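Okay, thanks for coming, everyone.

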Amino acid sequence: MKIAVLPGDGIGTEIVAEAVKVLKALDLKFEMETAPVGGAAYEAAGHPLPESTLKLAKEADAILFGAVGDWKYDTLDRPLRPEQAILGLRKALGLFANFRPAICYEQLTHASSLKPELVAGLDILIIRELTGDIYFGQPRGRRTAVDGHFPGAEEAFDTMRYSRPEIERIARVAFEAARKRGKKVTSVDKANVLETFQFWKDVVTEVHKDYQDVELEHMYVDNAAMQLVKKPKAFDVIVTGNMFGDILSDEASMLTGSIGMLPSASLNDKKQGLYEPSHGSAPDIAGKGVANPLATILSAAMMLRFSLNQGEAAARIEAAVQKVLAQGLRTPDIYSEGTTKVGTAQMGDAVVKALG
Ligand code: NAD
């Protein structure tokens with residue numbers, strides 16, 4: 001088993017170091033190889049996703065990814081910006097299914113911005129389609145408008161599109177996942193306004209015929225955004241497109257107390273996957289040793305379960321995380337009165353210790 005370790009920028013290096021520490025403590029047999037990605041790779045090799053990094057990622061069974069990006073790269077041409085590395089990896093490896101569980105740990109119900117009774121016991125899974133939609137649709141660009149409200153004015157445009165196979169495969173992933181959980185899928189769309197999402201709704205409904213043991217509901221994205229803060233526990237699995245999933249999963253992350261708690265997995269049809277925290281490179285706290293490493297550590301657990309067939313080791317990590325929270329250890333983002341504030345490395349060390 002080979003793991004490509006791509007720490008990236010900002011807090012990426014700090015949090016990935018803690019996840020690697022935890023993986024090493026498990027005493028499993030796998031090889032880990034580190035390579036630069038994002039802004040770090042741009043500095044080292046002139047490109048956010050150098051050939052050597054891409055080759056390593058393709059050869060590996062799984063990728064452990066930190067985060068990329070920094071405001072200082074905002075003026076670079078778009079293909080050279082750090083964020084292009086993630087888009088490039090998703091595309092090159094065909095990582096079409098993004099799993100983002102939002103679990104509210106008992107000990108963190110008070111860190112959530114919602115009332116504790118609304119989030120206690122929350123366990124929802126957002127499945128976001130990752131390789132289509134308006135983020136990848138062509139054509140896109142800037143031009144002079146020939147029609148619309150201001151003909152002759154400069155305008156920008158993107159293309160929202162989904163093909164039947166793209167919708168079918170993500171719908172199947174969602175129904176399969178729901179079968180192993182609460183047996184309910186909420187498909188989020190904007191079918192009342194967008195042709196692409198009327199098609200999405202039609203195809204999901206067709207695929208559902210093969211999964212009659214799972215309940216399917218359809219919900220418009222604006223309502224879903226509202227229901228997520230009104231009654232989040234009513235959801236089990238949410239499946240949606242690339243853009244809506246991007247937004248809703250960040251919203252869901254706050255239900256859990258902090259974006260620093262939210263892991264994610266992006267899988268292709270060979271179960272090869274990229275595992276990363278749901279947050280970004282947090283330049284505002286980078287280098288201060290205060291970032292929460294738990295989302296990355298929990299992403300490593302997802303990696304063991306989904307790509308490396310080590311479910312038992314994954315469960316050990318998850319239990320260790322619960323244990324350190326029960327011990328009252330908190331990084332600043334999840335700190336509340338009466339708990340003990342710790343830094344990134346101390347939190348990683350505590351998880352290693354809690355593995356037993
Ligand atoms: P962000 O997720 O980096 O940060 C948002 C807020 O959450 C910040 O206040 C940050 O301090 C806090 N935060 C994030 N992770 C945390 C952690 N582990 N512990 C404690 N606090 C944490 O989002 P942003 O500020 O919008 O973006 C910063 C950079 O990250 C940008 O360049 C953006 O493009 C990039 N980004 C990268 C990814 C990725 O690599 N997958 C995802 C999102 C954003």
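So, the ligand: of the 21 residues around it, V68, E83, G280, A282 and D284 come nearest, where being near takes a heavy atom within 4 Å. Before I go on, keep in mind that this is a predicted model, where local features need pLDDT of at least 70, side-chain atom pairs count only at pLDDT 80 or more, and totals for chains, interfaces and linings use all residues. Numbering runs from 1 along each chain as its sequence is written, and side-chain values use heavy atoms, with hydrogens and water left out.

By class, that shell has ten nonpolar, six polar and five charged residues. For the classes, Ala, Val, Leu, Ile, Met, Phe, Trp, Tyr, Cys and Pro are nonpolar, Asp, Glu, Lys and Arg are charged, and the others, Gly among them, are polar.

What lies 3.1 Å from a nitrogen atom of the ligand? That's a polar side-chain atom of H279. S281 uses its backbone: an N or O atom there lies 3.1 Å from a ligand oxygen. D70 also has a polar backbone atom, 3.4 Å from an oxygen atom of the ligand. The polar contact cut-off is a pair of N or O atoms within 3.5 Å. The protein covers 71% of the 810 Å² of accessible area that the ligand has on its own, using Shrake-Rupley with a 1.4 Å probe.

Zooming out, the protein has twelve helices and 14 strands, all DSSP runs numbered from the N terminus, with helices being H or I of at least four residues and strands E of at least two. Its radius of gyration is 20 Å, close to the 21 Å from the globule rule for 356 residues, so it is as compact as a globular protein of that length. That's over C-alpha atoms, and the rule is 2.2 Å times the number of residues to the power 0.38.

A282, one of the nearest to the ligand, has a positive phi of about 40 degrees despite not being a glycine. You'll find A282 in the loop between strand 12 (273-277) and helix 10 (294-306). N309, also not a glycine, has a positive phi of about 55 degrees, and sits in the loop between helix 10 and helix 11 (311-326). Finally, the peptide bond from Q138 to P139 is cis, with omega near 0 degrees.

Terms used:
A polar contact is a pair of N or O atoms within 3.5 Å; within protein, one must be able to donate a hydrogen and the other to accept it, and residues adjacent in sequence count only if both atoms are side-chain atoms.
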